[in-house]
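Subject: Structure handover

Hello,

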Amino acid sequence: MMRQYAATFDAGTTAIKGALVDEGGRVVASANGGLDLIVDGDAREQDPNQWWSTFRDVARAMLHDAAQSEPDFETGRICGIICSGQMQDVIALDASLRPVRNAILYSDGRAEEQAERLTRTLGGVRDDAASSDVIGTRRFLATVGNRLEGCLPLPKLMWLRDREPDAFARTAHVLISSKDYLIARLVGVCVGDVAACSTAGAMDIRTGHWDAGLCAAAGIDMALLPELHRPQDIVGAVKAAAAEETGFAVGTPVYAGIGDAGATTLASGAGKPGQYNINLGTSGWIATVSNEPFVDKPGAANLRFGAADGYVNAVPFLNAGDVHRWAAELLADGDYDRAHTLIEASAPGANGVLCLPYLVGERFPVMNPAVRGAYVGMSPATSAGDMLRAALEGVAFSIRQGMTSFDEPPTSISLIGGGARETAWCRILASMLRHPIEVFANADILPAVALASLVFDRSDLVTTVADTATYEPDPDAARIYDALYPRFAALYPAIASLN
């Protein structure tokens, strides 16, 4: 049989990355192209036309490399194109699928006023604003599975109608994820996947359909919103004009794809209750899949998974790799190898030093953007290594505190992100959580392989290619962390009163 391929793309905020994956999970070619972020005060926007031009260039470069590395490669053997992408955007298109303005990004919270107005409308108590807010907040959370904030697309559409009526009048379609604009250009249809569209603020997370009541309360025509699909659904085929620009064959199937947080969860192997994934990027999150949204967990975000039954539950923490970077720069002149040596020279418990790692406030397990971090327990015997270790242990304590919010005990815990390269941190987390930690050595390729698994209908594909190392808990370190944990948990209440 002739080898088949899946063309996978991730449309992120800083770059579009492409990877051509064969049916065995091997990445045979890849390419990427950078994107510009348009910042004006608190506004965060991007040009969808740049998404397309970059996607086109990345696709052509990837196909060229595949032809060089795979002697028998032909574009006709690509059996599907599938994308992941940033979520929670407002991408307004006219009737010809042309952008009417720049895309408003997930990180843009300009619509707080509209979110507050929508909360009161949903509450419906005209003579009691406080009661109306409470009722509206509960009604929205029960339907959407997420909290009503000014960064969500539904209130941002209200903002667009209020502040830019000419652009709004020309809007015939609204997309929620960057990858859906690429699909529109490839196929000529406006679609969205249920994971990404869980962040729109207009979808009933339990039914996977747009909610007419929410749209009516916002005064937004539900017909503007994209057709909803599961990530593995074929939504069309590459049209002639798009084929000429990208190099793909006319008629190549295009899949709905999945929002980036859903793709990361799929790649991590967390597919059912009890399986957890910890991401240690600059910021981070704990993600799992459960049978119900976490509507009773402050700070939690919920997605309808779509790729399988259940819901992705993610709890974000703002302080992760940024704490490691800050401590390494301050105490080891930014030399991570030196920082590692210093950390290893300090014993678990950091010689009695505790670090509350909230450098930039925190969102989970506490929700306080104003709180700041602190060291306690320092003495003349405290070393730079103690302070470095305490910083990493502080993040690990925070993750442990966050894990207590989950109902299902862990059956597996995986770790991804730049922080996973610090082996001392991996050992700290294993002992802190009293559970083996599985670290992916090839985490950079797994999201592409996970996307390809949907094209090939092979749920085992990521497991087949994953290169993992397992860190076991150290019983002595675990006992030390158990003894220190109550002291750490008492730090926030004490520090919060001083900020």
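A crossing is called left-handed if the near helix is turned anticlockwise from the far one by less than a right angle, and right-handed if clockwise. This is a predicted model, where local features need pLDDT of at least 70, side-chain atom pairs count only at pLDDT 80 or more, and totals for chains, interfaces and linings use all residues. Residues are numbered from 1 along each chain as its sequence is written, and side-chain values use heavy atoms, with hydrogens and water left out.

Helix α14 (residues 423–433) and helix α17 (residues 475–496) have axes that come within 8 Å and cross at roughly 65°; axes are lines fitted to C-alpha atoms, for helices over the stretch in contact, with angles from 0 to 180 degrees between N-to-C directions. Helices are DSSP runs (H or I, at least four residues), numbered from the N terminus. The α14/α17 crossing is right-handed. I428, S431 and M432 of α14 make the contact with A477, A478 and Y481 of α17 (contact: heavy atoms within 4.5 Å).

The largest nonpolar core has 58 residues, and I278, L280, I286, I399 and L415 have the most contacts inside it. Such a core is a set of buried (under 20% relative accessible area, 1.4 Å probe, protein chains only) Ala, Val, Leu, Ile, Met, Phe, Trp, Tyr and Cys residues joined through side-chain atoms within 4.5 Å. Helix α13 (residues 384–403) gives the most to this core, with 10 residues. Another core, of 43 residues, lies apart from it and includes Y5 and A184.

The axes of helix α12 (residues 336–345) and α13 come within 7 Å and cross at roughly 95°.

Regards

Technical notes
Helices (H or I, at least four residues) and strands (E, at least two) are DSSP runs, numbered from the N terminus. Buried means under 20% relative accessible area, exposed over 50%, partly exposed in between (1.4 Å probe, protein chains only).
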